[in-house]
Amino acid sequence: MDRAELEIIIREVISQSADETGWANLAKIGILLRKKGVKYGKLSRFFGDYAHMVETRVDDSIQPPIAYARLTVSE
């Protein structure tokens with residue numbers, strides 16, 4: 001799978017998982033990526049390679065903390 005294909009898949013799964021604010025739970029994203037055959041290791045590091053199109057955040061106000069991702073505004 002080349003980088004262009006991965007970018008398309010990333011856009012799809014984040015869009016499918018996102019709430020009304022555009023943020024999607026990283027766990028849900030991971031499930032969808034694996035279903036599409038994407039192997040990524042640690043998801044937060046994987047998205048580091050796609051920082052031009054994906055931003056992440058962690059909600060530490062709850063335990064355990066939950067990580068989220070969304071497509072950047074320019075996408």
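Reply: Gladly! Let us start with Pro 64, which sits in the loop between E2 and E3. Strands (E) are DSSP runs of at least two residues and helices (H or I) are runs of at least four, numbered from the N terminus. This is a predicted model, where local features need pLDDT of at least 70 and side-chain atom pairs count only at pLDDT 80 or more, while totals for chains, interfaces and linings use all residues. Residues are numbered from 1 along each chain as its sequence is written, and side-chain values use heavy atoms, leaving out hydrogens and water.

Me: What makes the bond between Gln 63 and Pro 64 a cis peptide bond?

Reply: Its omega is about -5°, and the bond joining Gln 63 and Pro 64 is cis. In general, most peptide bonds are trans.

Me: How do you know that E2 and E3 pair?

Reply: Two strands pair if DSSP finds at least two bridges between them. Strand E2 (residues 54-59) and strand E3 (residues 66-71) are joined by six bridges, so they pair, and they run antiparallel. Val 54 stands opposite Leu 71 in E3, and a hairpin of six residues links E2 to E3.

Me: Which elements does the protein have, and in what pattern?

Reply: There are three helices and three strands, and along the sequence they read α-β-α-α-β-β.

Me: Why is Ser 17 called buried?

Reply: Buried means under 20% relative accessible area, exposed means over 50%, and partly exposed lies in between (1.4 Å probe, protein chains only). Ser 17 has 17% relative accessibility, so it counts as buried. Across the protein, buried residues make up 33% of the 75 residues.

Me: Where is Ser 17 found, and which residues does Ser 17 touch?

Reply: Ser 17 belongs to helix H1 (residues 3-17). A contact means heavy atoms within 4.5 Å. Leaving aside residues up to four places away in sequence, Ser 17 touches Trp 23, Ala 24, Lys 28, Ile 29 and Leu 32.

Me: How do you know that the radius of gyration agrees with a compact globule?

Reply: The radius is taken over C-alpha atoms, and the globule rule is 2.2 Å times the number of residues to the power 0.38. With 75 residues, a compact globule would come near 11 Å; the protein has 12 Å, so the two agree. Its C-alpha atoms fill a box of roughly 35 × 25 × 20 Å along the principal axes.
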